[in-house]
2 protein chains.
Amino acid sequence: MKLAEAKTQFIQEWGTFGSKWGVNRTMAQAHALLLVSAEPMSAENVMEELNISRGNANMNLRALIDWGLIRKTHISGERREFFYAEKDIWKVTRQVIKERKRRELEPLRNMLTEVGEGIQEESPQAEEFKKMVNELRKFSSSADVMLEKMVKSEQQWIFESLMKFMVK
Amino acid sequence: MKLAEAKTQFIQEWGTFGSKWGVNRTMAQAHALLLVSAEPMSAENVMEELNISRGNANMNLRALIDWGLIRKTHISGERREFFYAEKDIWKVTRQVIKERKRRELEPLRNMLTEVGEGIQEESPQAEEFKKMVNELRKFSSSADVMLEKMVKSEQQWIFESLMKFMVK
DNA sequence: TTGAACTTTCAGAAATTATTGAAAGACATA
DNA sequence: TATGTCTTTCAATAATTTCTGAAAGTTCAA
């Protein structure tokens with residue numbers, strides 16, 4: 001297998017994977033591209049590699065910066081900006097957890113609190129609703145604590161530790 | 001807050017949440033609806049509650065069955081089918097992990113193996129590519145083991161245990 | 001075996017999401 | 001402050017995803 005084709009396949013499938021998880025396909029592809037690039041890339045490079053427009057490249061690179069997954073840099077003698085990805089996979093994972101938690105999990109938890117409170121009705125329907133909302137709230141609270149620990153942990157050993165612990 | 005409006009908000013936001021994670025919004029809404037329903041519901045009921053067509057209701061209820069999140073049942077004297085959701089949140093979580101792992105993580109891991117093997121080239125670019133693919137493979141392997149343990153675990157205590165363990 | 005009740009399918013339509021490209025903006029140099 | 005280079009924005013357009021509804025399929029009681 002040639003490098004170019006392996007790289008293309010990697011980028012394509014990473015894009016597909018991203019889109020199954022609600023991430024813009026192009027954003028995921030740009031991330032994949034930078035992850036395997038030995039050098040920082042310009043917006044121009046990214047446009048060429050992914051066959052996308054300048055606007056699209058700009059928007060998705062900015063989104064990756066907002067997600068904390070890539071950064072801008074400058075190369076001496078060059079005017080334009082270059083982009084490079086965080087390559088430590090554990091750091092990448094933590095960052096993704098952190099952002100998804102903030103953007104998606106926390107609003108959901110707020111909603112659960114909101115809809116769980118202040119329902120006076122005591123019909124079986126109301127009880128069932130309150131019970132489920134409460135179950136979800138308890139669960140999300142545990143998950144939240146766990147994810148927060150992961151975000152703050154410096155090491156990937158969490159996985160290994162968890163594995164050992166759960167042997168049983 | 002009235003039950004009806006709390007329920008509507010819950011269903012809507014659950015749908016939004018699902019769509020951010022790559023789950024069809026209507027499928028997530030139907031799941032939310034059944035989660036908080038005290039009784040099994042007919043397709044007709046679901047159509048009315050969510051304001052969707054028969055075809056849409058049918059497809060999304062079937063998808064939920066395929067995901068192992070709801071089941072069909074019969075009510076004596078009734079000809080049509082009724083649907084009810086698994087309500088144990090830990091079981092629901094395990095089932096979602098199991099399915100996403102099977103549908104999305106495993107193909108990705110196969111891809112990593114495929115593109116990582118058989119690249120002869122030894123340029124810095126090729127080395128960088130191979131290194132990253134290998135990092136991802138190692139990481140996904142750990143994650144895979146961890147998720148498999150979670151899927152097989154009978155208890156939600158994993159979270160609590162993990163929390164204690166990680167105190168540090 | 002017929003037909004009423006219900007379920008499934010899927011081609012076309014609608015809604016949503018993503019992309020383009022041109023214009024405006026920013027910045028550095030002279 | 002003019003000019004060239006590069007970046008950002010966003011309205012219009014395109015691509016993708018989802019939904020509808022009618023027809024076909026299934027089931028079952030009579």
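In the predicted model described here, a phosphate oxygen of DNA strand C lies 3.1 Å from an N or O atom in the side chain of N56(A), a polar contact being a pair of N or O atoms within 3.5 Å, with the further conditions within protein that one atom must be able to donate a hydrogen and the other to accept it, and that residues adjacent in sequence count only if both atoms are side-chain atoms. The elements that give two or more residues to the surface near DNA strand C are α4 (54–66) of chain A together with α4 (54–66) of chain B, where helices (H or I, at least four residues) and strands (E, at least two) are DSSP runs numbered from the N terminus. The model being predicted, local features require pLDDT of at least 70 and side-chain atom pairs count only at pLDDT 80 or more, whereas totals for chains, interfaces and linings use all residues. Residues are numbered from 1 along each chain as its sequence is written, chains are lettered from A and ligands numbered from 1 in the order in which they are written, and side-chain values use heavy atoms, with hydrogens and water left out.

The phosphate of DNA strand C is also approached from chain B, where an N or O atom in the side chain of K72(B) is 3.1 Å from a phosphate oxygen. A base oxygen of DNA strand C, by contrast, is 2.4 Å from an N or O atom in the side chain of R79(A). By class, the surface near DNA strand C divides into three nonpolar, nine polar and eight charged residues, with Ala, Val, Leu, Ile, Met, Phe, Trp, Tyr, Cys and Pro taken as nonpolar, Asp, Glu, Lys and Arg as charged, and the others, Gly among them, as polar.

DNA strand D is surrounded by 19 residues, of which N58(A), R79(A), T26(B), S53(B) and R79(B) are the closest. Of the atoms of DNA strand D within 4 Å of the protein, 63% belong to sugar or phosphate and the rest to bases. Phosphate oxygens of DNA strand D lie 3.1 Å from an N or O atom in the side chain of K72(A), 2.3 Å from a polar side-chain atom of T26(B) and 2.7 Å from a backbone N or O atom of S53(B). Helix α4 of chain A and helix α4 of chain B each supply at least two residues of the surface near DNA strand D, and the largest share, five residues, comes from α4(A). This surface has three nonpolar, nine polar and seven charged residues.

The contact between the two protein chains (heavy atoms within 4.5 Å) takes 61 residues from chain B and 60 residues from chain A. Together the chains bury about 6000 Å², 77% of it on carbon and sulfur atoms, buried area being the accessible area (1.4 Å probe) that two parts lose on being put together, summed over both. Two salt bridges are counted between the chains, a salt bridge being a side-chain nitrogen of Lys or Arg within 4 Å of a carboxyl oxygen of Asp or Glu; E128(B) forms one with K87(A), the closest N and O atoms being 2.5 Å apart. On the side of chain B that touches chain A, two or more residues come from each of α1 (3–20), α5 (89–116), α6 (124–152) and α7 (157–165) of chain B, and α6(B) gives the most, with 16 residues. That side has 38 nonpolar, ten polar and 13 charged residues.

In chain A, three strands form an open antiparallel sheet in the order β1-β3-β2. Strands β1 and β2 of chain A stand at the edges, each with a single partner strand, so one side of each is left without a neighbour in the sheet. Strand β2 (residues 70–74) of chain A is joined to β3(A) by five bridges, two strands being paired if DSSP finds at least two bridges between them, and K72(A) stands opposite F83(A) in β3(A). In the hairpin of β2(A) and β3(A), which has six residues between the strands, G77(A) takes a positive phi near 85 degrees.

Definitions and conventions: A residue is near a molecule or strand if one of its heavy atoms lies within 4 Å of it.
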